[in-house]
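Subject: Structure handover: disulfides and a cavity

Hello,

I am passing on a structure for you to look at.

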Amino acid sequence: MGFSSRLRKLYSVTIFWILWLSLKCMLHPVSAEIKLPLLMPDVQPKVKDFYLCTAFQMPRSFCSYIVEFQPNATMHTAHHILLFGCSVVGYRERDTPRAVWDCGEMGGVGRGSQYRRAPICSEGSHIIYAWARDAPKLTLPEGKKPILSERAGVLQLGTDGRIPAHKEEHVETECMIQDQIEIHPFAFRTHTHQLGKLVAGYVVKPNGQWLLIGKHDLLKPQATRCTMKNFRDVDTEVGPTGNDEMCNFYLMYYVEGDRIVSKQDCFSPGLPIYRWCWDSHLGSIPNSIDKDASTSK
């Protein structure tokens with residue numbers, strides 16, 4: 001994957017192996033425009049549904065502001081790409097700056113991997129960018145002055161669960177944010193596999209009002225629904241492989257100041273254990289929302 005970065009504007013990061021989010025900028029931002037390619041070294045996974053990581057480092061003597069992510073992959077060669085920030089990277093070889101490791105909490109253990117197995121991050125993991133299914137480039141909105149007064153983050157909502165055979169079902173989750181921080185959503189990404197028909201995300205106000213963030217074919221709790229149609233003869237589990245399913249909603253937001261929300265992801269157990277209508281945080285689901293969350297109009 002590659003991304004384009006004009007070293008100015010809004011979102012402060014320092015590249016440190018995978019990526020190290022910077023809370024403090026040193027010196028003054030550089031105004032030059034550069035493209036910084038973050039490309040996987042020449043590797044060829046030998047099995048399907050395999051997860052590999054590599055890491056990148058930049059000098060910490062200046063402040064950089066990412067304004068655009070430009071993917072360099074197709075869905076025929078990569079299922080999805082995630083860009084993380086780490087305070088401590090999961091694996092490092094002193095003499096091999098482009099080391100590759102098996103980072104698959106989703107990758108399966110004991111499958112004859114020729115790579116060293118390690119987590120994505122040992123400490124301080126943050127999702128910065130997510131890509132899948134030939135998604136186009138993502139251009140971030142213009143920043144405000146002073147340029148260091150805002151910070152961006154990503155909140156991931158997802159589910160576990162099972163979709164019964166020959167049935168259309170809703171897989172749902174919600175996320176309570178406890179921090180006293182006002183967040184401003186500006187973009188979202190969705191992700192399912194073969195059974196997904198629609199993914200919708202909402203913010204639920206304390207007065208019970210539901211506001212659509214977006215859907216694709218937050219604030220007080222946030223809710224996500226994936227509509228799945230299982231055309232198969234067997235139940236389909238939510239899981240890591242292409243034959244499993246996923247229900248993910250990535251919410252990109254910014255805040256005034258330098259504190260992002262403490263929660264990075266929210267997951268529900270999914271079907272048959274969890275539904276919106278059983279969640280006391282959400283209360284009564286309006287009929288209009290129940291319909292809207294599962295139609296593309």
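Please keep in mind that this is a predicted model.

Disulfides

The structure contains four disulfides. Three of them are described below, beginning with the pair for which burial was checked at both ends: Cys53 and Cys103 are both buried. These two cysteines are joined by a disulfide with an S to S distance of 2.3 Å. The bond falls inside the cut-off, as a pair of cysteine sulfur atoms within 2.5 Å is taken as a disulfide. The torsion about the S-S bond of Cys53 and Cys103 is about 85 degrees, and the disulfide is therefore right-handed. Distant parts of the chain are linked by this pair: Cys53 belongs to strand β5 (residues 52-54), while Cys103 sits in the loop between β11 (100-102) and β12 (121-123), 50 residues apart.

A further disulfide is formed by Cys86 and Cys121, with 1.9 Å between their sulfur atoms. Its torsion about the S-S bond is -60 degrees, which makes the link of Cys86 and Cys121 left-handed. Cys86 is located in the loop between β9 (80-85) and β10 (88-89) and Cys121 in strand β12, so the pair ties together parts that lie 35 residues apart in sequence. Cys86 and Cys121 are both buried.

Cys175 and Cys266 also form a disulfide, and their sulfur atoms are 1.9 Å apart. Both of these cysteines, Cys175 and Cys266, are buried.

An exposed cysteine

Cys277 has a relative accessibility of 53%, and because exposed means over 50%, this cysteine counts as exposed.

The second largest cavity

The volume of the second largest cavity is about 40 Å³. Its lining is made up of Ile127, Ile128, Tyr129, Ala130, Val154, Arg189, Tyr250 and Met252. The most comes from β13, with four residues. By residue class, the lining of the second largest cavity has seven nonpolar residues, no polar ones and one charged.

Regards

Technical notes: Residues numbered from 1 in each chain as written. Predicted model: local features only at pLDDT ≥ 70, side-chain atom pairs only at ≥ 80, totals over all residues. Heavy atoms only, no water. Helix = DSSP H or I, 4+ residues; strand = E, 2+ residues; numbered from the N terminus. Buried < 20%, exposed > 50% of the residue type's maximum accessible area, 1.4 Å probe, protein only. 1 Å grid on protein atoms, 1.4 Å probe; cavity = no way out; pocket = protein on both sides within 12 Å on 5 of 7 lines; lining within 4 Å. Points joined across faces, edges and corners; volume = space filled by probe spheres on them. Nonpolar A, V, L, I, M, F, W, Y, C, P; charged D, E, K, R; others polar.
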